[in-house]
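Visitor: Please take a close look at one part of this protein. I would like to start from a single side chain and its surroundings, then step back to the rest.

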Amino acid sequence: MGAHPRHAKKQNGFALSPKAAAATPPRRATRERLGLSIGEFAVLRRLDTPEKIQAWLNATPINHELDGETVLSVREVVRQRRAHCIEGAMLAACALWVHGDPPLVVHLDCDLSDYPHVIAVFRRGGAWGALSKTNGAPLRYRDPIYRTLRELALSYFHEYSNRRGQKTLRSYSVPFDLRRLPLDEWVTKEASCWKAHDRLVVLRHYALISKRQERMLARRDRFERQAGKVVEYPRPEKPRAQPTRASKKPS
């Protein structure tokens, strides 16, 4: 009788079948595996600590999506040097993978009056931390001090609000290992990575508060709302269209 493992390996906290466990990708991502150029990979190789990854994200201008919504791949974030939350999270996760951490991301979902957020998560000493790209101050890096992902998600709760000062964060997803997606869907894709985006949206989510607690939430006061308007990269004004010869008024 053939031997069977008593316990399958785990990924994202869930048991994998022996066949899936055997197919687990290598711990570190090489340039050849990722399909990146020497220069593109060199950027990720320099980001060898979570602190360096976050500093790079902070120094990268926010993607204001002036020409329409995007989900830039890791390659395009490096090339265009701009990113918003999911784009920054995928780059951060890829950099973590290059240096031996699994490329895990978590989807933070919210009330319909606000926008969801995506973070890359990592563990140090058994505690969770997070890397985050945002244009404001509150929803950024989290030190690896949180015992559970729920604690980590709750650290974003108070400042996660809409323009009316209503606290809108409602749930967090299971951590998703981006190695489960084809690399050309999030690392090297030249068009927007909508399949990666859609995969995160449908992950299993866990509620952070009850409906009763939701009804008791206080709004952030005027001072807090004013502080929340501070951004690192202001939205540029679109240049005004120059009048054509035909549109000029006759003198």
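Guide: Start at Arg142. A polar atom of the Arg142 side chain lies 3.1 Å from the backbone oxygen of Pro138. The backbone oxygen of Arg140 is 3.4 Å from a polar atom of that side chain. A polar contact here is a pair of N or O atoms within 3.5 Å; within protein, one must be able to donate a hydrogen and the other to accept it, and residues adjacent in sequence count only if both atoms are side-chain atoms.

A word on the source. This is a predicted model, with residues numbered from 1 along each chain as its sequence is written. Local features need pLDDT of at least 70 and side-chain atom pairs 80 or more, while totals for chains, interfaces and linings use all residues; side-chain values use heavy atoms, without hydrogens and water.

Arg142 sits in strand β6 (residues 142–146); strands are DSSP runs of E, at least two residues, and helices are runs of H or I, at least four, numbered from the N terminus. Arg142 is buried and has no salt bridge. Buried means under 20% relative accessible area, exposed over 50%, partly exposed in between (1.4 Å probe, protein chains only). A salt bridge needs a side-chain nitrogen of Lys or Arg within 4 Å of a carboxyl oxygen of Asp or Glu. The nearest side chain of opposite charge is Glu159, 4.9 Å away. Lys and Arg count as positive, Asp and Glu as negative; His and the chain ends are not counted.

What else does Arg142 contact, leaving aside neighbours within four places in sequence? Phe122, Gly129, Ala130, Leu152, Ser155 and Tyr156. Contact means heavy atoms within 4.5 Å.

Now step back to the nonpolar cores. Each is a set of buried Ala, Val, Leu, Ile, Met, Phe, Trp, Tyr and Cys residues joined through side-chain atoms within 4.5 Å. The largest has 45 residues; Leu34, Leu44, Met90, Leu91, Val105 and Trp186 touch the most other members. Helix α6 (85–98) is one of the elements that supply at least two residues. It gives the most, 12 residues. Another core lies apart, with 20 residues, including Trp128, Tyr146, Ala153 and Leu169.

Last, confidence. Mean pLDDT, the predictor's confidence in each residue from 0 to 100, is 89 for the protein chain, and 85% of residues reach 70 or more. Over residues 244–251 pLDDT stays under 50, and the model has 1 contact there beyond four places in sequence.
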